[in-house]
Amino acid sequence: MNRKNLIAGNWKMNKTASEAVDLVKEISSMVGGQSTVQVCVCPPFTSLAKVSELVEQNEIMLGAQNMSEKSAGAFTGEISAEMLRDLYVSFVILGHSERRQLFGESNSTINAKVLTAVNNNLKPIYCIGETLEEREQGRILEIVGSQVREGLDSFPIRSVEHLVIAYEPVWAIGTGKTATNEMAQEVHSEIRNILVELFGQTPASSIRILYGGSMKPENAAGLLAQPDVDGGLIGGASLTSRSFCGIVKSALELS
Ligand code: PEP
């Protein structure tokens, strides 16, 4: 199956609204006028409204970095799926390792969020990945397997084409250490095997599996050339147009 590459920028807790507007304008002018590679920016909640006005006009998609599993009510500080849809948000990052490690999110909390997202027409970018300790203990498949099975429990098969997985080995996030092309492909293909078990061959082959973890223009081409790597979730390198668009251009060259 021909899966369109998705390059998504996770800005984390960076950029004020006016800085976000400037960055998105730069990204739009560099890679906005094409539809071969899907480009998505995920700014902080405080910038979504302003960025939303900008991206409406071009091919850049908008994503959020988190979301509540609840639909509305007394949940101080939370943001609902409906609020995100109202701002034309298309994607939502869920289960990022920082949410798991720093904010105590478990596979089951994240599963509730994934189901809320998809039931509200948001495309989840569901993040999974092992720590260095788990890798050294030879437990990659056990960890990633339970993250996939538990995090996607009851995921509706009719919506599988809207699901995006991001494999982000925790030891590679923000550290400058990247999985080799072969390491990434090996885990991505195992993840796809689990998706085949869960959803069947054809639906599983429509799911995009992104790689995340210190991806940058210098290493993007090799990673993106792997058959089961369908794009990237980019942290640090998404904060400047030069490096982010450098990765998008690598994806365009391969498409
Ligand atoms: C991330 O946090 O999703 C990420 C991939 O970060 P970085 O690119 O900085 O490693």
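So, helix H4, residues 97-102, gives the most to the lining of the largest pocket, with three residues. Helices here are DSSP runs of H or I with at least four residues, and strands are E runs of at least two, numbered from the N terminus. Keep in mind that this is a predicted model, where local features need pLDDT of at least 70, side-chain atom pairs count only at 80 or more, and totals for chains, interfaces and linings use all residues. Residues are numbered from 1 along each chain as its sequence is written, and side-chain values use heavy atoms, leaving out hydrogens and water.

What lines that pocket? There are 13 residues, and Lys12, Met13, Gln65, Arg99 and Phe103 lie nearest its centre. A pocket, by the way, is an open set of points on a 1 Å grid over the protein atoms alone, where a 1.4 Å probe fits, with protein on both sides within 12 Å along at least five of seven lines; lining residues have an atom within 4 Å of a point.

Now, Lys12 again: Glu98 forms a salt bridge with Lys12, with the closest N and O atoms 2.8 Å apart. That term means a side-chain nitrogen of Lys or Arg within 4 Å of a carboxyl oxygen of Asp or Glu. Glu98 sits in helix H4 and Lys12 in the loop between E1 and helix H1 (17-31), so the pair ties together parts 86 residues apart in sequence.

Another pair is Lys113 and Glu105, at 3.0 Å between the closest N and O atoms. And Arg3, Arg192, Asp228 and Asp230 are linked in a network of salt bridges. The whole structure has ten salt bridges.
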